[in-house]
Amino acid sequence: MPRPQAAFFDLDKTIIAKSSTLAFSREFQAGGLISRRAMLRSAYAQFVFFTGGADHDQMDKMREFMSQLCAGWDVATVRDIVHETLTTIVEPLVYDEAVTLIEEHRAAGRDIVIVSASGAEVVEPIGEMLGADRVIATRMEIADGKYTGNIDYYAYAEEKARAIEHLAATLGYDLDECYAYSDSVTDVHMLEVVGHPFAVNPDRELRRIATAREWPVLLFVRPVALRRRLPVPPARPTLAALAVGGAVAAGGFIWSNRRKRTTDT
């Protein structure tokens with residue numbers, strides 16, 4: 001019997017056209033969880049992320065700011081905001097090309113697994129919308145109904161590869177016959193552990209590596225309303241989108257950092 005196979009997808013700029021951790025900034029500002037100033041800075045961070053990606057140093061800073069900002073947030077409040085706005089915010093951002101790939105892999109009998117450094121509270125409902133079989137994502141610590149500011153599990157860089165290998169060992173995936181897709185150089189480890197790696201909308205460094213290793217490069221450019229391609233399940237209550245707030249704060253940091261560098265020069 002042939003061993004089972006899977007297709008592993010990063011989320012941001014691979015399946016959806018925005019950062020999932022920044023997409024809800026306006027809704028969180030309206031809900032009183034972040035300030036208008038942070039919301040505006042997050043828009044700039046979205047631009048920086050989309051045009052240049054984020055390297056390891058920036059991602060570490062995002063993690064630090066995520067922890068600081070989210071401490072004390074009420075889980076139920078964030079749950080309500082995500083429940084009310086998830087379909088409206090995320091569903092129109094899905095790349096048509098990604099949906100086609102997902103359909104092709106599913107037709108070939110492969111599991112669909114989303115692997116993202118964004119919070120599970122965002123990634124899991126998106127995965128449900130897409131019909132993914134499994135999700136690997138960052139998990140925040142919760143105590144007494146509030147976020148503590150600590151991270152229980154950070155699905156990032158080498159940890160993504162370790163999680164994929166653990167999943168393969170558990171479910172019997174033949175990694176040599178599996179596929180992986182990502183846009184970021186921080187996911188090189190994830191791409192290396194499968195037999196069929198693909199760079200999608202790659203940042204400059206990942207494009208260089210993909211060219212050197214002769215990995216295929218794909219360009220996704222057509223966001224499409226998901227309900228036009230797949231039946232979208234009705235929204236249901238989920239835990240909060242913690243990574244959203246963290247990346248909003250990180251957006252403020254990136255904005256300040258770049259402004260400082262511009263001023264210094």
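Tutor: Start with R222 and E97. Their side chains meet in a salt bridge, with N and O 3.5 Å apart. A salt bridge here is a side-chain nitrogen of Lys or Arg within 4 Å of a carboxyl oxygen of Asp or Glu. This is a predicted model: local features need pLDDT of at least 70, side-chain atom pairs count only at pLDDT 80 or more, and totals for chains, interfaces and linings use all residues. Residues are numbered from 1 along each chain as its sequence is written, and side-chain values use heavy atoms, with hydrogens and water left out.

Now place the two partners. R222 lies in the loop between strand 7 and helix 10, while E97 lies in helix 5 (residues 96-107), so the pair ties together parts that are 125 residues apart in sequence. Helices (H or I, at least four residues) and strands (E, at least two) are DSSP runs, numbered from the N terminus. The two ends differ in cover. R222 is partly exposed, at 45% relative accessibility. E97 is buried, with a relative accessible area of 11%. The cut-offs are these: buried is under 20% relative accessible area, exposed is over 50%, and partly exposed is in between, using a 1.4 Å probe and protein chains only.

Next, look at F220. F220 sits in the loop between strand 7 and helix 10 (242-264). F220 counts as buried, at 6% relative accessibility. What does F220 touch? Leaving out residues up to four places away in sequence, its contacts are T14, Y95, E97, A98, L101, V200 and N201. Contact means heavy atoms within 4.5 Å. A98 is worth a check in the viewer. F220 and A98 are 122 residues apart in sequence, yet their C-alpha atoms are 7.4 Å apart in space.

Step back to strand 7. Strand 7 covers residues 217-218, and V217 belongs to it. V217 is partly exposed, with a relative accessible area of 33%. V217, L219 and V221 make a nonpolar surface patch of about 270 Å². Patches are built from residues with over 30% relative accessible area and no salt bridge; like charges are joined within 9 Å, and nonpolar side chains (Val, Leu, Ile, Met, Phe, Trp, Tyr) within 5 Å. The areas come from the Shrake-Rupley method with a 1.4 Å probe; for residues, only the protein chains shown count as cover.

Strand 7 also belongs to a sheet. The sheet is open, with seven strands in the order 4-3-2-1-5-6-7 and mixed pairing. Strand 4 (146-153) and strand 7 are the edge strands, and each pairs on one side only. Two strands pair if DSSP finds at least two bridges between them. Strands of a sheet pair through backbone hydrogen bonds, either parallel or antiparallel. Strand 7 and strand 6 (residues 196-200) run in the parallel sense, over two bridges. Across from V217 stands A199.

Return to helix 5 for one more residue. H105 is found in this helix. H105 is buried, with a relative accessible area of 4%. Setting aside its neighbours within four places in sequence, H105 is in contact with A7, F9, R110, I112, Y179 and Y181.

How many salt bridges does the whole structure hold? A search finds nine. One of them joins R213 and E192, with the closest N and O atoms 2.6 Å apart. R213 is in helix 9 (residues 204-213) and E192 is in helix 8 (residues 188-192), so this pair links distant parts of the chain, 21 residues apart. R213 is partly exposed, at 41% relative accessibility. E192 is partly exposed as well, at 40%. Helix 9 also holds E205 and R208, whose side chains meet in a salt bridge (2.4 Å, N to O). These two are three residues apart, so about one helical turn separates them. D10, K160 and D187 are linked in a network of salt bridges.

Finally, the whole chain. It has ten helices and seven strands. Of its 265 residues, 55% are buried. Among contacts between residues at least 6 apart in sequence, 69% join residues at least 24 apart.
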